[in-house]
Amino acid sequence: MQNITKDYAGNVVLENVNLSVNPGEIHALLGENGAGKSTLMNILFGMSVIHETGGFSGEILFNNEKVNIETPQKAMELGIGMVHQEFMLIPGFTVTENIKLNREISTPNVISKVLGKQYEKLDFDQMNKDARKALDTLDIGIEEYAKVAGLPVGYMQFVEIAREIDKENIRVLVFDEPTAVLAESEADNLLSAMQLLASKGIAILFITHRLDEVMQVADTVTILKDGHLVDCANTKDITVTEIAEKMVGREIERLVRHESDPTQNPVILSLKNFYVDMPGEVVKGVNLDIHQGEIFGIGGLGGQGKIGIANGIMGLYPARGSVLFEGEDLQLNDPGEALNKGFAFVSEDRRGIGLLLDTSIEMNIVTTAINVFNMYLKRWMVFTQIDKKKIRNHTETMIKDLDIRCQGPTQHTRRLSGGNQQKVCIARALTLNPKVILVSEPTRGIDVGAKRLVLDTLTKLNQETGLTVIMTSSELAELRSVCNRIAIINKGVVTGVIPPDAPDAEFGLLMAGDKREVEKIGK
Amino acid sequence: MVSNYVKKLGIPRLIILGFLLSLVVAAFFLGIPMDQLLSSTLVRVGMNGILVLAMVPAITSGIGPNFGLPLGIICGLLGVLVTFDLDMRGFPALFTAMIISIPPAALLGAAYGWILNKIKGSEMMIATYIGFSSVALMNIGWILLPFKSNETTWPIGRGLRLTISLEDRIASLLNNFMSFTFGNDQVVPVGTLLFFLLACFLMWLFMRSKAGVKMYTAGVNPKFAESSGINVDRQRLIGTILSTVLGAIGIIVYSQSYTFLQLYKAPMYMAFPSVAAILIGGASTKRASIANVILGVILFQGLLVVALPVANQAMQEGNLAEITRIIVSNGIILYALTQAKKDD
């Protein structure tokens, strides 16, 4: 792709961008949200949105021949495939059926001879074999006859990939943030699958926000910033810090320093034999003591139960066991009670649970406070009216304090970027003046710059107001950069609580659930 | 600026508005008196307004458009019938009818809401049939209930009449209140319109209260609501009850303007025009505002009022005009339903 320039109604989103990928190469495409990565990919795929808005300038060379990709079909014919960030799978179908969708292998029969190809019998044996082969190529042990509906998120991603590589002519494969929704071990599987594919001569374009993955697998990186090409380099010749700097144009500190040791403070929250029945994230008897003013991390692999803990405390999923908060028993399975006692929750499901997408930022921020604490209300005896002025003032303060980039307090949250949506969620939690804030996956799916701001906000709050933060995250690096202590969850129980500067091996073993090995290291 | 307004209004409303305007122009050239059309529109807006307003709490609380409105309507009819047996007239009768109809409406609304909480996801279908079956059930009720008044019961045999005249009882009470005439002796039903606007204002206040915020939240995102400590099922229950009660009050206002009480099968299809009106007014199946109510009822009733004489003039045969009226009104309802946005 050479000298690609694209503008939307005069607003230039790409300017003279060059990108070239060789067969068998893993090429990482990096950039903050809005840097122009998606637009570039849309051009490569001939998406209609590009041509409807006036096309682009520059040219695309495929095997050194100039090609004109006008439709996605054309891109497919050339052998360009894409693994989407959101899964495009049919849940009720089996893995095979999904892989072979619209490319079914069929054998003729009497009826089809009369009525045409649509009525041919499906050759499931052959389709299953093909699917198996594709899955084996990825080295993944899913049964090809399993229904997609029941699969863990990580596996669905693999079905998507299997579908692409099952296409015989595939030459270029684009991965759009494939690891954003995966836990670390799943991501590792995916990365090795990518390497495997590359070794078979497929060119891979890898869009991601996780820099460590880039360093791990990519051969070359291209960095975009504000529609410009910043750098294109071999991964060997560049360091993570350099990449990050080039992407966001500011330096990144690695660690937050904790001046005092909050683990000397009294215990504020204590979980004893805590069970949560959250589908896919079952918690089976967790014991934890969390100290006042601590930033406490909960880590672990996907599906092991780390997400379930915060949801259980907040009463969103059926929980049992005992939760002592400030020495008092917390009534379980009652979200109102948890909020009332001083908990606030930033959900991992930002768009599903965390936000009212078609409602103003200000109402998003205050709704919970109105309900639980009767804040922002004017009262006349039993009658109440919301206090628009107070809400507006509060929202404006929050927008300023948390640096929420928006058009104003009345903008709907749907159109905000992921990072700003997350800040709205945090603003909602802070509006409750909580004693403990539970934050789940605070940086999932948001770009590096916003990630940094979100984490900074949390640590700043912790240090300035002594707020206790319980942060659940799939990204261990993130936990290790801000937490005082980190609990690792495996199979629904705590395998260990260790400081962030513990050796990598210890974290790895705890995540794999191997306590004995950890003890050996200890000795 | 203009395109912004267009966007806010939405294409379906522009289409309906364009259709209405072209009918008005046609009516003008066919020589149909404009003052009469305006007066009829105002009367019909006033009489249907509260029935449309009844959709707001239903949609807001998350049960969707209240297709089970006949449930509330039956309670309203019951209230008026009781005032006959109490031999009440005038405003006391009107308000007594409303007060009497509220408890049964609340009770039935609660039962109805309880059912709707059990069948989340298919509310519209179930609600429609709850409406239908309640009408069928009440057909038996109209025969068996021990009403005594000569004006409401058949002279021979037992049971209530099909249509009951409200003359000398509550007929046109609100319509005539503070009313004035314009043009060629055409009435502006100030009382009915004021009552409708008052109900709208109260609903607007409710939506801005704590209870309203809770209901809204439960409707647009039940998971968010739950994580904010809001009992979603209770909000849906309250929304259903409010909607049913408004249905009861709505039919009383409707009847005083219509000057007849229609029993038996009449309430069966009364939910549809109200649902259509609010959808045309720009509501989706998940969110509705007072503005949607007012705009919708004006557009819907305006269309009906103007389309009829135009069709009459265009096609002189009596039957065809009636058929055209049915086609137009059902056509608008169908169009409104196809435009219903889900906005998830």
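The second largest pocket here has a volume of about 1500 Å³, and keep in mind that this is a predicted model. Both chains have a hand in that pocket: among the residues nearest its centre are D358(A) and Y216(B).

- From chain A, α14 (361–373) gives two or more residues to the lining, and from chain B so do α1 (2–9), α4 (55–61), α9 (190–207), α10 (210–220) and α14.
- The top contributor is α14(B), with 4 residues.

**Nonpolar cores**
- The largest core holds 97 residues, and L53(B), W142(B) and I278(B) touch the most other members.
- Helix α14 of chain B (residues 290–314) gives the most to this core, putting in 11 residues.
- Leaving aside residues up to four places away in sequence, L53(B) touches A199(B), C200(B), M203(B), L246(B), I290(B) and V293(B).
- There's also a second, separate core of 85 residues, including I290(A), F325(A), A369(A) and F507(A).

**Chain A at a glance**
- Of its 523 residues, 54% are buried.
- Among chain A contacts with a separation of 6 or more, 65% link residues 24 or more positions apart.
- The accessible surface of chain A is about 23700 Å², and carbon and sulfur atoms account for 49% of that.

Technical notes:
Residues are numbered from 1 along each chain as its sequence is written. Chains are lettered from A and ligands numbered from 1 in the order in which they are written. This is a predicted model: local features need pLDDT of at least 70, side-chain atom pairs count only at pLDDT 80 or more; totals for chains, interfaces and linings use all residues. Side-chain values use heavy atoms; hydrogens and water are left out. A nonpolar core is a set of buried Ala, Val, Leu, Ile, Met, Phe, Trp, Tyr and Cys residues joined through side-chain atoms within 4.5 Å. Buried means under 20% relative accessible area, exposed over 50%, partly exposed in between (1.4 Å probe, protein chains only). Contact means heavy atoms within 4.5 Å. Accessible areas come from the Shrake-Rupley method with a 1.4 Å probe; for residues, only the protein chains shown count as cover. On a 1 Å grid over the protein atoms alone, a cavity is a set of points where a 1.4 Å probe fits but cannot get out, and a pocket is an open set with protein on both sides within 12 Å along at least five of seven lines; lining residues have an atom within 4 Å of a point. Grid points are joined across faces, edges and corners, and a volume is the space filled by probe spheres set on the points.
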